[in-house]
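Here is a short tour of a model for you to follow with the viewer open. We will go through helices, aromatic rings, charged pairs and a surface patch.

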Amino acid sequence: MTNDEFDEKYAEFLNKFDDMFDDEENIERIREDVKNGNPNDDWTNKMFKFIQQYENERTNNLVRVALKEFLIKD
């Protein structure tokens, strides 16, 4: 696979991943996790925890799905 082929395939993969992960169900699940985690947290802490959990899950899922996509299929 050339660099250009990889870049094209990875760009397509990222677009599919964005559509798959950034849906309302995942966002709502993370929102509920944060809200129920520590009800006494102020809004700023809850927002920080939401962003942190969202980014962690997204990165973990991106790595997992990318490995499957690129290593198993090829």
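How many residues does helix 1 have, and how far does helix 1 reach from its first C-alpha to its last?

## Ground rules

This is a predicted model, in which local features need pLDDT of at least 70 and side-chain atom pairs count only at pLDDT 80 or more, while totals for chains, interfaces and linings use all residues. Residues are numbered from 1 along each chain as its sequence is written, and side-chain values use heavy atoms, with hydrogens and water left out.

## Helix 1

Helix 1 covers residues 3-21; its 19 residues reach 26 Å from the first C-alpha to the last, close to the 27 Å expected at 1.5 Å a residue. Helices here are DSSP runs (H or I, at least four residues), numbered from the N terminus. The expected span is 1.5 Å times one less than the number of residues.

Phe 13, Phe 17 and Phe 21 are the buried residues of helix 1. They lie on the same side of helix 1, because they cover an arc of only 55° around the axis. That arc is taken from the directions from the helix axis to the C-beta atoms. Asp 4, Glu 8, Asn 15 and Asp 19 are exposed on the other side of helix 1. Buried means under 20% relative accessible area, exposed over 50%, and partly exposed in between (1.4 Å probe, protein chains only).

Asn 26 counts as buried because its relative accessible area is 15%.

## Aromatic pairs

Searching the whole structure gives three aromatic pairs. Phe 50 and Tyr 54 are stacked, because their ring centres are 6.2 Å apart and their planes are at 15°. For Phe, Tyr and Trp (its six-membered ring), rings pair if their centres lie within 6.5 Å; planes under 30 degrees apart count as stacked, over 60 as edge-to-face and the rest as tilted.

Both Phe 50 and Tyr 54 lie in helix 3, four residues apart, about one turn of the helix. Phe 50 is buried at a relative accessible area of 17%, and Tyr 54 is buried at 18%. Elsewhere, Phe 6, Tyr 10 and Phe 13 make up one aromatic cluster.

## Salt bridges

With a side-chain nitrogen of Lys or Arg within 4 Å of a carboxyl oxygen of Asp or Glu as the rule, the count comes to six salt bridges. Among them, Glu 28 meets Arg 31 at 2.4 Å, N to O, and Glu 32 meets Lys 35 at 3.2 Å, N to O.

Another salt bridge joins Lys 49 and Asp 41 (2.4 Å, N to O). Lys 49 is partly exposed at 34% relative accessible area, whereas Asp 41 is buried at 15%. Shared partners also link Glu 24, Glu 28 and Arg 31 into one salt-bridge network.

## A nonpolar surface patch

Which residues form a nonpolar patch on the surface? Trp 43, Met 47 and Ile 51 do, with about 340 Å² of accessible area together. Patches take residues with over 30% relative accessible area and no salt bridge, joining like charges within 9 Å and nonpolar side chains (Val, Leu, Ile, Met, Phe, Trp, Tyr) within 5 Å. Accessible areas come from the Shrake-Rupley method with a 1.4 Å probe, and for residues only the protein chains shown count as cover. Trp 43 is in helix 3 (residues 43-72) and counts as exposed because its relative accessibility is 64%.

Terms used. Helices (H or I, at least four residues) and strands (E, at least two) are DSSP runs, numbered from the N terminus.
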